[in-house]
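Please read it alongside the sequence and the coordinates.

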Amino acid sequence: MIASGCGCGRRVATRDFTLDVDRFAAAGSLGDGLARLEGRSVLLAVGDMAKAAAALIDLDGVARQIVLSPAGASPDALAALARAAAADALVYDSDAPAPQIDVATRVACRLPLAPLAAPRPARLVTEWAMPTSGTSGPPKLVAHTLATLTAAFRPAAGERWATFYDIRRYGGLQILLRALTGAESLTLSDPREGVEAFLVRLGEAGATHISGTPSHWRKVLMSGEARRIAPQRVRLSGEIADDAVIAGLSALYPNARVEHAYASTEAGVAFVVSDGRAGFPAGFVAEDGEVALRVVDDVLRVRSNRAALRYLGADAPALKDSDGFVDTGDVVALSGDRYLFVGRRGGIINVGGAKVHPEEVEAALNAHAAVRASRVFARKSPITGALVAAEIVLRDGAAADEVTKRDILAACRAALPAYKAPSFLTFVAELPMTDGGKVARHG
Amino acid sequence: MTTRLTILAAIREVAAEQGKTLAPLDDDLPLMETGLDSLCFAILIARLEDAVGNDPFTASGDGRLPSTVGELIAFYDNAIV
């Protein structure tokens, strides 16, 4: 049980609150309400990550199922999650009105922790349900357990973790659980805080292992406070990590190991690449280890003990194929002895019948010295159906003028077939992002 | 700039970017013989849309499309009211 105290002095710190994990042996955030949640399917809908972390620690082993909702979920979205998970209880923020969801039991989550009147009735193997990060249609829920969520972990004593992610999604939850199961501390971000202020906090906390998406890390590379931190481990996940961002981070933090993890809510953490290059060795595609990989029709499939158990909901599709593999939807291409991530199956831009993956074009753009980050998208064309367009965030010192534009476009035409190179380019101050810290692709 | 000059300049720009050699741009020259391929045309039309604020190819309800350079210029002239 993640609530079992070990006297290790573990703490989870948000901007405004620090949770002392050892106190959960005799205190909690749900008061007498915890007993009413025993055996129930509990929708967690609190306003901040400190309360979310506290409620998760309280509920594990007590609830039959915990249903995580993303930050800022609307009442309709919460109702949809409750239906899909057949939730019969709600944990809400004591500082806000309870969402009007039709459940049998509602319990407020309150901080600071209050002493427990009775020991926590933690006897169950709780299922953890969480939304996937798919962008098309309403998010699907998958079910995990602590076993699947922690299967990838190795001992982490003395490590001070930090993450840009929200812990209510799979990526952030991984980091929370690492911290609770053995790391020394965890520092979490705040949605109201800019990247500079977060880096200052991370520096003060002495964070050693820091996790975020490539888009998060590009913001770090652009910020003036990147040298506030001295990480030992820089971890990227959630989006394709291209050579440019890996090289940029390796140069900025020469004493750190820069690694990118391939993971999804459905498939779990599949593997970590720490050789400083994008993609992964072809030798990873094998079926003899804890994690089995296959490539079917150019798309990666994963079978492992870290994968979710199933999708939830009445019309839920099958999560795994007949051999137990999860279809990740990520297209890969073999180049010599290495597989490269080419893009999402659903994100293809069709230019006169020729297929273009936005991510592939972004990697070419990001390789240009003037480019810090890019977003490639389709522009409709009555002739070819679509054309490739791009938005660019320039590096400090690069001029947002025609000369730079022509130079970038010419470099792309040299690196890519004509139909893949962007035909249109605009300079922007920042790229649109999802809550999960990934470039928003508008479905 | 007149429509004629805008379009001819845009054709030359796209040809140069895409590394295409242009035939002499007489009004009677069939578009298929200009040296531009369909990708070039798609880019040209999108650039013209940005320049003149209008895409007569998308707006063209009756499906009549230009087939020579002169008809292309007229196509845009008629579209810009």
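Predicted model: local features only at pLDDT ≥ 70, side-chain atom pairs only at ≥ 80, totals over all residues.

The numbered points below take chain A as a whole and then turn to one pair of helices in chain B.

1. Chain A contains 10 helices and 27 strands. Its radius of gyration is 22 Å, close to the 22 Å that the globule rule gives for 443 residues, so chain A is as compact as a globular protein of that length. Along the principal axes, the C-alpha trace of chain A spans about 70 × 50 × 45 Å.

2. When contacts in chain A between residues at least 6 apart in sequence are considered, 66% of them join residues at least 24 apart.

3. In chain B, helix H1 (residues 3–17) packs with helix H4 (residues 69–79) at an angle of about 125°, their axes being 9 Å apart. H1(B) and H4(B) are therefore oblique to each other, and H1(B) passes H4(B) in a right-handed crossing.

4. Which residues of H1(B) meet H4(B)? On the H1(B) side they are Thr3(B), Arg4(B) and Ile7(B), which meet Leu72(B), Ile73(B), Tyr76(B) and Asp77(B) in H4(B). Sorted by class, this contact of H1(B) with H4(B) has 4 nonpolar, 1 polar and 2 charged residues.

Note on methods
Residues numbered from 1 in each chain as written. Chains lettered and ligands numbered in written order. Helix = DSSP H or I, 4+ residues; strand = E, 2+ residues; numbered from the N terminus. Rg over C-alpha atoms; globule rule 2.2 N^0.38 Å. Contact = placed C-beta atoms within 7 Å. Axes fitted to C-alpha atoms, helices over the stretch in contact; angles between N-to-C directions. Parallel < 35°, antiparallel > 145°, perpendicular 65-115°, else oblique. Left-handed = near helix turned anticlockwise from the far one by under 90°. Nonpolar A, V, L, I, M, F, W, Y, C, P; charged D, E, K, R; others polar.
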